[in-house]
Every structure is written in structure tokens, then in C-alpha cells.
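Subject: Structure for you to look at

Hi there,

Here is the structure I promised to pass on. Please open it alongside this note, and I will walk you through what turned up.

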Amino acid sequence: MLVIMQQDSTVEQCAKVEDVIRDMGYQPLPVPGESRTAICVTGNKGPVDPSHLQRLAGVRECVSVTRPYKLVSREVKPESTVVDVAGVEIGGSDPVLIAGPCSVETPERTLAIADAVKRAGGQLFRAGAFKPRTSPYSFQGFGYEALDTLAEVREQVGLPIVSEVVDTDAVGPMSEVVDVLQIGSRNMHNFALIKKLSMVHMPILLKRGLSASLEEWMLVAEYLLSAGNHQVILCERGIRGLAGHARNIFDLNVVPLVRSISHLPIIADPSHGVGDRSRVRAMARAAVACGAQGLLVEAHTTPDSAFTDAAQTIDMDSLSGIHRDIRGLKGLETLSLDQ
């Protein structure tokens with residue numbers, strides 16, 4: 001349930017509503033919004049009797065929330081959330097281009113790639129210090145050593161950094177260097193990590209799990225918001241399927257659906273979605289056309305020599321092309337599901 005307060009309600013009236021919600025055995029969570037003050041009732045297993053709340057001073061109305069993910073939904077927060085990353089707005093009027101190699105490489109190569117990404121139109125730099133891999137024999141990343149390289153990129157090239165965090169121990173050190181902490185698809189259900197990141201007040205990029213349903217994905221985002229971190233960015237990166245022609249099934253039809261039910265910004269990762277560099281640009285266009293508010297792309301100055309995921313990594317000419325495509329699609333509005 002959502003308790004909507006009157007526009008002129010006082011701090012004391014809101015505090016009283018929160019106290020009554022606690023007395024009822026539930027947990028109150030204030031919901032930030034531009035046009036209204038609202039308090040969400042959480043922790044209930046079934047319908048909440050609104051009679052105790054409706055009569056309180058300052059309460060305008062009590063609204064039933066039908067979705068299990070309350071704080072993520074537009075029922076609770078109709079206004080779209082915009083996440084500010086070092087001055088770059090994700091979820092704003094312009095799609096954002098995030099690009100870089102799958103993993104941090106040597107300092108010299110990584111800095112050169114970052115500089116090329118910036119010249120090609122990239123607004124944030126992505127690269128993994130830690131790389132969870134399917135095979136134990138694959139390159140696992142340089143780990144903590146790579147954080148020094150990412151710090152150099154941020155200082156010398158001037159791009160904000162996106163990098164995946166794989167365990168709770170790395171959250172603190174990475175928070176000092178990285179501007180966006182990424183939860184990878186393999187860690188979407190790592191609840192120890194999720195709970196740790198819910199208490200970090202910085203942007204979190206939440207990738208959809210390998211076989212996660214829409215509801216499972218939204219509920220993980222709910223974990224983050226329920227503990228107070230509202231700077232969450234969703235990322236569709238494809239789900240596991242039976243087809244042999246692509247690395248994953250790039251589920252773009254979920255993008256306009258997410259935009260209709262959730263206020264959180266959503267971006268797309270066409271590199272993992274298809275796993276083949278020859279199709280990345282086309283699917284990047286498709287992602288933005290259907291409403292993705294940004295792209296996460298694997299790019300490299302010499303893709304064939306990339307330490308990780310070379311087959312799906314594009315070159316800088318292709319990245320420049322994607323940047324031009326995004327600018328050409330600027331202003332394309334996403335149709336709502338009932339149109």
C-alpha cells in the first residue's frame with residue numbers, strides 16, 4: 001500500500017504516519033518524488049487495512065499497490081528516475097553510450113582504448129577488474145591491480161568508470177575508484193552482495209540474470225531500493241535460450257515493458273545479447289529504437305587481440321557508427337503498451 005500525503009503535509013504528520021505503520025507491524029519507506037510526498041507500506045503478506053491510516057492528519061489517500069516490487073514500480077513513483085553519474089544523466093532525454101573492453105588490460109592498452117572510446121563518443125568507460133568466467137582456465141582479470149589502471153583512466157581521460165563487482169570484499173576498494181558498480185548476470189541472485197550494495201550510496205548497474213524472469217529481476221532491484229539506494233540502472237543483456245545462432249536471446253521486447261511498469265532507467269548490452277561483433281551495431285540501433293536509455297558495448301582498438309570476449313568486441317569505427325546512430329534516433333519516443 002502507498003500512503004499519499006497532502007502537498008502541505010508537515011514533517012510531524014509524515015512521522016506520525018510512519019509510527020502508525022510500524023505499530024501495525026509493517027515497515028514504512030518514504031518514496032522520493034517531484035510532485036508528491038508518499039510513504040510505502042512494506043513487509044505485508046496480504047492486503048493492508050487502510051482505515052488506520054486514512055484518518056490521520058495530512059493523509060490524502062491510500063492506494064493499493066498490485067505489484068510485488070513496490071518501490072521499483074510506477075504505481076509508487078510515477079516520475080522516471082534519472083541517475084546522475086559524474087554529470088552524465090542516465091534515464092534523461094538522451095541515450096548514453098558506455099563502452100570499453102570486457103576486462104581491464106595493461107595500463108598502456110587500457111588508457112589508449114579509453115582515449116579512443118572518448119573520441120568515438122563514449123560517455124562512460126566500461127572494463128572489468130574482476131571477471132567471473134565459465135571456465136577456470138579463462139582470463140579472470142587483473143583484480144585489485146586493475147583498480148589502479150581504472151583510476152588512471154578516470155584521472156587522465158576524464159571518463160566515469162563502470163566496472164563489475166563480484167564479491168562483498170571488493171565493494172569498499174572499488175567504491176573509491178569506480179563511478180558505477182555493476183552487478184553481473186551471474187551475480188543477480190548473490191544476495192549477500194546485493195544486500196551489501198543496497199547500503200552503498202552510489203549508482204548500481206543491475207544486469208538481468210542468465211535465465212531470470214522479469215519479476216525476479218525487478219525484485220532484486222527492490223532489494224536495492226528497499227535499503228535506501230535509489231540509484232539503480234537496469235540492463236537487459238540477453239537470457240539463455242536454445243538457439244545456436246547467438247550467445248543469448250536478446251530480449252528487447254522487455255525494454256518497453258520495463259519502461260511502462262518501472263521508473264528506473266534501463267539500458268541494453270547488445271554485445272552479450274548476440275555474442276557476434278557483426279550484429280552488435282544493428283542490435284544497438286534496435287535497442288535504442290525500442291526505448292533503451294543507453295547502451296553498454298564492448299569495444300577495443302584492436303578487437304581480435306582483446307583479452308576477453310574478442311568475438312563480440314567491436315572496433316572504434318563501429319563504435320563511432322553506433323554513436324551516430326544514437327544521435328539519429330534522438331527524440332524517438334517509446335510507445336506505451338496500450339497504443
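Contact here means heavy atoms within 4.5 Å. With neighbours within four places in sequence set aside, Asn248 is in contact with Arg237, Gly238, Ile239, Arg240, His272 and Gly273.

Some housekeeping: this is a predicted model, in which local features need pLDDT of at least 70 and side-chain atom pairs count only at pLDDT 80 or more, while totals for chains, interfaces and linings use all residues. Residues are numbered from 1 along each chain as its sequence is written, and side-chain values use heavy atoms, with hydrogens and water left out.

Back to Asn248, which sits in the loop between β12 (232-236) and α8 (254-261); helices (H or I, at least four residues) and strands (E, at least two) are DSSP runs, numbered from the N terminus. Asn248 counts as buried because its relative accessibility is 7% (buried is under 20% relative accessible area, exposed over 50%, partly exposed in between, with a 1.4 Å probe and protein chains only). A polar atom of the Asn248 side chain lies 2.8 Å from the backbone oxygen of His272.

Next, the aromatic rings. Searching the whole structure gives 3 aromatic pairs (rings of Phe, Tyr and Trp, the last by its six-membered ring, with centres within 6.5 Å; planes under 30 degrees apart are stacked, over 60 edge-to-face, the rest tilted). One of them is the edge-to-face pair of Phe130 and Tyr144, at 5.1 Å centre to centre and 80 degrees between the planes. Phe130 is in the loop between β8 (124-126) and α4 (144-156), and Tyr144 is in helix α4, 14 residues apart. Phe130 is buried at 12% relative accessibility, whereas Tyr144 is partly exposed at 42%.

Phe191 and Tyr223 make a tilted pair, with 5.1 Å between centres and 40 degrees between planes. Phe191 belongs to helix α6 (residues 191-198) and Tyr223 to helix α7 (residues 214-226), so this pair ties together parts 32 residues apart in sequence.

What about the core? The largest nonpolar core has 82 residues, and those with the most contacts inside it are Phe125, Leu181, Trp217, Leu234 and Leu295 (such a core is a set of buried Ala, Val, Leu, Ile, Met, Phe, Trp, Tyr and Cys residues joined through side-chain atoms within 4.5 Å). Helix α7 gives this core its largest share, 7 residues.

Finally, confidence: mean pLDDT (the predictor's confidence in each residue, from 0 to 100) is 92, and 97% of residues reach 70 or more. Over residues 334-339, pLDDT stays under 50.

Best wishes

Technical notes. A polar contact is a pair of N or O atoms within 3.5 Å; within protein, one must be able to donate a hydrogen and the other to accept it, and residues adjacent in sequence count only if both atoms are side-chain atoms.
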